Amino acid sequence: MKKLGVNEIRDMFRDFFVSKDHYPGGSASLIPRNDKSLLIINSGMAPLKPYFAGVETPPKKRMTTCQKCIRTNDIENVGKTARHGTFFEMLGNFSFGDYFKKESLQWGWEFCTEWLEMPEDRLWATIYEDDDEAFEIWRDIIGMPEEKIIRLGKEDNFWEIGLGPCGPCSEIYYDRGPEWGCGSPDCKPGCDCDRYLEFWNHVFTQFDRQEDGSYPRLAHPNIDTGMGLERLACILQDVNSIFDVDTVKYIRDAICKMAGVEYMSGNHKVDVSVRIITDHLRSMTFMIGDGILPSNEGRGYILKRIIRRAARHCKLLGITQANPLVELAESVVETSGKAYPELVDNHDYIMKIIKIEEDNFAKTLDRGMEILEGYMADMDEKGEKILPGGLAFKLYDTYGFPLEVTQEILEENGKNADIDGFNDCMSAQKELARAHQRDTDEDAWRDASEYSDLPHTEFLGYTEESADAEVLYTGSFDEKRRFVIFDRTPFYATSGGQVFDTGYIVLDDDRFRVVDVVKENGIYLHVIHEDDTGAAMKIKAGDKVSLQIDAVRRHRIARGHSATHLMQQALRDVLGDHVMQAGSYVDDNYLRFDFNHFQPMTKEEIEKVEDIVNQRVDEYLPIKMEEMPIEDAKKLGAMAIFGEKYGDIVRVVSMGDYSIEFCGGTHIDNTGKVGGFKIISEAGIAAGVRRIEAITGSNVVRYLAGKETTISDVAAALKSSEADLTRKAGQVMADIKSLENTIKSIKSDEISGSVDGIISSAKEISGIKLIAKKFENTDVDQLRSISDAVKEKTDDVVMVFAAVNDGKVTFIVSVSEDLIGRGYHAGKLIKDIAAAAGGGGGGKANMAQAGAKDPSKVDAAFAKAEELIAG
């Protein structure tokens with residue numbers, strides 16, 4: 001048996017199936033494309049579902065891939081055992097209605113025995129209990145002894161998920177030897193012991209499960225196989241786990257070297273931490289490389305918890321250097337960069353994201369740990385073992401502690417978290433967002449079965465603004481929305497961030513307004529204005545019509561799209577090469593561009609980007625659009641979009657030598673036609689994602705006219721000329737500030753003179769003076785000054801002050817030094833006090849601060865303070 005490295009196995013698998021006339025597809029992004037059922041790609045066939053469903057046409061009926069995958073359903077076991085991991089690579093060969101069982105199993109056997117030289121006597125097969133066809137292929141064609149062909153039931157060897165395509169499967173097993181077995185004379189594949197290792201599953205999708213429980217055969221059966229690359233490497237390299245195969249071991253060794261520890265030397269806690277960091281490094285590097293960013297929901301939360309869990313285990317290993325994960329992630333790029341060039345292309349970006357998240361977690365870790373330790377101390381006092389779900393959620397929501405990190409720390413201290421309570425809090429917070437998402441998704445999928453067999457619409461819009469066409473189909477989404485499909489069209493359909501064209505369908509003497517254009521698998525649906533729906537009923541298949549787009553609107557959209565390309569390159573020039581498109585929108589009024597960046601742009605940076613774009617506009621650079629093989633486009637340095645799927649032939653838009661991008665949108669033919677460019681806003685929309693909104697051409701003129709009106713109105717209000725407006729506004733603000741300081745000084749003198757009165761208002765409870773007082777229009781610094789003045793004059797005092805400003809409440813709790821020694825803690829007191837008014841906060845033993853939303857409940861908060869002091 002050949003002893004091969006992971007990278008060698010991957011290449012060999014691809015080469016074998018290419019020799020069998022398979023198309024070698026690259027790994028899809030970990031971000032699912034048009035698949036709402038998945039959060040992240042978790043299998044080799046997941047990105048290919050549109051091909052299996054017939055929604056999209058595959059590049060070839062035979063295909064092979066090595067797909068990067070992530071599964072987190074058992075993430076809590078990663079590290080605790082050497083079997084579990086979140087990241088893996090899945091080798092697969094697929095047939096979309098071409099070959100079937102015989103070829104799939106024969107080729108599988110050939111690859112294992114001839115290419116990998118696995119000993120035949122070590123290989124076994126399992127089949128579905130009723131699949132005689134597969135049995136005969138194994139026995140009569142391949143020649144496997146029938147006692148080594150094991151029939152198993154539906155639970156083991158039949159693939160189905162609800163209704164629809166399904167079928168039996170056959171799995172190839174490797175016999176690791178009796179030393180791995182249970183000793184039973186009947187030990188064979190299907191046994192729960194470790195002797196027989198399943199490594200290649202061949203799924204025969206040949207049935208279509210119906211609601212009545214029947215299984216009619218599919219007209220065109222498919223093949224879907226999956227073989228874990230790391231698992232196969234374990235067999236070929238004769239090692240015990242995925243953490244021992246060559247590429248993963250390289251990462252593992254880098255961790256051990258940095259931490260100064262030895263793996264599998266008898267310290268279980270060290271082994272757990274090493275495995276967690278090793279696995280999570282692979283996941284985080286690949287996820288970021290595909291454009292996933294840390295956040296508090298969805299895939300972003302998976303990434304965030306993975307980075308933070310790894311960072312914590314670095315700390316547990318005693319690694320003290322700053323940003324250890326950044327250095328360690330280099331080992332992932334070194335081992336996988338050749339197979340996955342996006343890791344190399346996005347190297348700096350990946351490292352920057354990891355660094356930022358490490359830094360963010362480092363800032364919150366100590367604070368979060370302090371709070372969690374306080375919670376655990378309270379639990380110990382009360383003899384409790386379960387942390388309330390609300391407190392676990394607060395750690396997650398306020399301090400950025402993933403629930404899993406909280407759980408790990410609790411478990412290390414013999415405690416657990418109320419997961420149901422945590423989930424209830426999470427559900428309550430997200431219900432509104434989920435409701436909105438349901439509304440948004442309601443119309444996401446349409447039944448296209450009636451027109452899915454039509455030929456793809458020929459798009460003429462790159463060069464034509466009008467065209468003659470033939471009606472192929474008419475239909476409707478509902479009573480008010482009717483659409484028409486033509487054989488050809490100049491109308492652009494919404495895609496790639498560019499909005500649809502509008503215009504007219506002309507049939508004889510009738511004109512019908514087109515108000516939307518939707519593209520579904522290459523077919524353009526032209527949506528007619530609802531006021532024209534009735535008259536449009538006369539349009540029927542076979543009619544010859546004239547199609548005319550709104551050319552002025554198209555020109556405005558095109559100049560905005562071209563300006564977007566110029567702006568993206570300008571952003572990279574000003575901010576750095578880490579800038580990548582994260583989303584875009586272009587219509588006839590403005591453009592919106594989302595990009596990866598980690599802090600607000602400065603005024604100077606925004607102005608510099610504007611200047612660069614306008615300079616390129618003034619240079620009148622020619623804009624060239626051409627189709628070419630994707631490899632040629634890459635050689636030109638054309639920029640692609642994270643996660644976007646491209647075919648073998650791509651369209652490239654170049655603007656002189658300044659900007660070269662993959663793009664399927666419409667553009668002007670010269671940068672000078674942009675006219676002018678102005679950024680009107682820049683803001684953050686998610687962790688590490690910024691959004692720019694900008695305008696072009698005549699929209700800039702209208703925008704500036706509005707600004708002129710505002711300046712004129714302000715000048716009139718301040719009784720100033722426009723030329724003197726800045727000085728006049730500064731003078732007014734200085735006068736206001738002076739008056740505010742005067743008022744503040746008077747108020748401070750007034751409060752300082754009443755310290756004795758404040759002390760005399762104290763209520764004595766169990767030998768402690770409690771001062772609870774509400775102040776209107778008083779800032780926090782003044783409250784702190786009052787508390788300091790009170791403590792200078794008296795002991796045994798707890799102060800609870802509430803400042804009410806603009807409908808909001810700020811609480812201050814201050815405890816005199818002598819009471820701190822007796823166990824009174826301002827930070828603990830203020831939690832319950834502020835909660836009584838719908839707020840929260842914390843602080844040190846002598847002073848704590850909290851905010852609240854309901855001024856009407858200040859008295860309830862004071863009552864809570866009395867209750868707490870009374871004990």
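Author: Start with strand β4. Leu123, Ala125 and Ile127 point one way from β4, Trp124, Thr126 and Tyr128 point the other way, and all are buried. Buried means under 20% relative accessible area, exposed means over 50%, and partly exposed lies in between, with a 1.4 Å probe and protein chains only. In a regular strand the side chains alternate between the two faces of the sheet. Strand β4 covers residues 123–128, and six of the six are buried, so the rest of the structure largely encloses it. Helices (H or I, at least four residues) and strands (E, at least two) are DSSP runs, numbered from the N terminus.

A word on the source. This is a predicted model, where local features need pLDDT of at least 70, side-chain atom pairs count only at pLDDT 80 or more, and totals for chains, interfaces and linings use all residues. Residues are numbered from 1 along each chain as its sequence is written, and side-chain values use heavy atoms, with hydrogens and water left out.

Now the neighbours of β4. Two strands pair if DSSP finds at least two bridges between them. Four bridges join β4 to strand β7 (residues 164–175), and these two run antiparallel. Leu123 has Tyr174 as its bridge partner in β7. Four bridges also join β4 to strand β5 (residues 149–152), and this pair runs parallel. Here Ile127 stands opposite Arg151 of β5. From β4 the chain crosses through helix α4 (residues 132–142) to β5, and this β-α-β crossover is right-handed. Right-handed means that, with the strands pointing away from the viewer, the path from the first strand over the helix to the second runs clockwise.

On a 1 Å grid over the protein atoms alone, a cavity is a set of points where a 1.4 Å probe fits but cannot get out, and a pocket is an open set with protein on both sides within 12 Å along at least five of seven lines; lining residues have an atom within 4 Å of a point. Grid points are joined across faces, edges and corners, and a volume is the space filled by probe spheres set on the points.

The structure holds two cavities of 30 Å³ or more. The volume of the largest cavity is about 60 Å³. Its lining residues include Val6, Arg10, Phe87, Glu89 and Ser336. Elements giving two or more residues to this lining are α1 (6–18), β3 (87–95), α7 (246–259), α8 (268–289) and α10 (324–336). By class, the lining of the largest cavity has five nonpolar, four polar and three charged residues. Ala, Val, Leu, Ile, Met, Phe, Trp, Tyr, Cys and Pro count as nonpolar, Asp, Glu, Lys and Arg as charged, and the others, Gly among them, as polar.

The second largest cavity has about 40 Å³ of space. Among the residues lining it are Arg556, Gly560, Asp587, Tyr590 and Asn699. Helix α16 gives the most, with three residues. The lining of the second largest cavity has three nonpolar, four polar and four charged residues.
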